Amino acid sequence: MGILVNKDTQVLVVGITGREGSNHTRAMKEFGTKIVAGVTPGKGGQTHEGVPVYNSVEEAQSKHRIDTSIIFVPPAGAADAVLESAHAGVPLIVLITEGVPTVDMMRAVQEVKALDLVSRAEGGPGVRLIGGNCPGLVTSGECKVGIMPNRIYEQQGRVGLISRSGTLTYEAAKLLLDAGLGTSTTVGIGGDPVIGTTFADVLPMFEADPETDAVVVIGEIGGADEEAAAEYIAQNMKKPVVAFISGRSAPKGKRMGHAGAIIMGDVGTPESKLAAFQAANVPVADTMPEIVELVKKALNVNA
């Protein structure tokens, strides 16, 4: 069943009639994801890609059971789209949009966390945001809520994958698939400085998941999420974890691809991340193919 999403998850697409929303709705449906509704203000009552369209998330939620919303809204309105889903009671919100202003994301993340606490206190499922600037998530062979290529997630496996990078996520998943290991659930948490869900948030889900035997963490320079993940692993994880850090040769003060992948002073250096994983007894691959070798070694799988 994986974590967060499965074959029974019902999904709402916010921004469904736009180019990206249309293309990825089609791809998600082809994967087998249950897309039950879409939202584009002013286009309520229409049908798009075989999906009923509503003017608001609240309206869609009144007509369908919405487990997850995925947001394809331009940066200026993306944070408000997140909060619309959160206030409508959608338990899991996936923000794909890149370039959302940091101040908007800070506001959205804080408000989502407050709504999560209220929901859980009232016996509800809580509210979780994944992203922004992320590829989404997929439970292999069951449900894709994101933009990753379908073909590398069609076969179920038993390795959980968490990544800040979209393209490295795909590469790692393909390597694990080709090696006969495959992935259980893949979660792209996003590469911006402020995101809704971190490595340390996802790791306990994989630790509790009976369908996951090992976890791969793909981090990058910048921020302190990898250090927090290493601390959690050292204190709580019994399942083996393998790591990879991208951008290790990046010069200080230069952003490498992601807004969050920047070294400022002594914060976010590859040395601090490598040292943290080393202290937690987490092997770190020097190359992407080495991830497979380390996972096989951790699981005692013959090469």
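Author: Seven strands make up an open sheet, in the order 3-4-2-1-5-6-7, with mixed pairing. Two strands pair if DSSP finds at least two bridges between them. Strands (E, at least two residues) and helices (H or I, at least four) are DSSP runs, numbered from the N terminus. The model is predicted, so local features need pLDDT of at least 70 and side-chain atom pairs count only at pLDDT 80 or more, while totals for chains, interfaces and linings use all residues. Residues are numbered from 1 along each chain as its sequence is written, and side-chain values use heavy atoms, with hydrogens and water left out.

The edges of the sheet are strand 3 and strand 7 (128-131); each has a single partner strand, so one side of each has no neighbour in the sheet. Strand 3 runs antiparallel to strand 4 (residues 51-54), and 2 bridges join them. In one of these, T47 has P52 in strand 4 as its bridge partner.

Helix 3 packs on the sheet and touches strand 1, strand 5 (68-71), strand 6 (92-95) and strand 7. Contact here means heavy atoms within 4.5 Å. The direction of helix 3 makes about 170° with that of strand 6. Axes are lines fitted to C-alpha atoms, for helices over the stretch in contact, and angles run from 0 to 180 degrees between N-to-C directions.

Helix 3 (residues 75-87) also packs with helix 4 (residues 102-121), at an angle of about 5° and with the axes 9 Å apart. That makes the two helices roughly parallel; angles under 35 degrees count as roughly parallel, over 145 as roughly antiparallel, 65 to 115 as roughly perpendicular and the rest as oblique. On the helix 3 side the contact is made by A76, A79, D80, V82, L83, A86 and H87, and on the helix 4 side by D104, R107, A108, E111, V112 and L115. These residues divide into 8 nonpolar, 1 polar and 4 charged. Ala, Val, Leu, Ile, Met, Phe, Trp, Tyr, Cys and Pro count as nonpolar, Asp, Glu, Lys and Arg as charged, and the others, Gly among them, as polar.

T17 is in the loop between strand 1 (10-14) and helix 1 (19-31), and T40 is in the loop between strand 2 (34-39) and strand 3 (47-48). T17 is buried, with a relative accessible area of 18%, and T40 is buried at 13%. Buried means under 20% relative accessible area, exposed over 50% and partly exposed in between (1.4 Å probe, protein chains only). Leaving out residues up to four places away in sequence, T17 touches S22, T40, K43, H48 and V53. By that count T40 touches G15, I16, T17, V53, Y54 and N55.

UniProt, in an unreviewed entry, places a "binding site" at T17, G18, R19, E20, K43, I96, T97 and E98. These positions span 82 residues in sequence, and the farthest two C-alpha atoms are 24.2 Å apart, so they do not all gather at one spot. UniProt positions follow the numbering used here, feature names are shortened, and annotations may be inferred rather than shown by experiment. Among these residues, E20 is found in helix 1 and is partly exposed at 35% relative accessibility. The unreviewed entry also gives "domain: CoA-binding" for residues 4-100. That span is 34% helix and 26% strand, and its end C-alpha atoms lie 24 Å apart.
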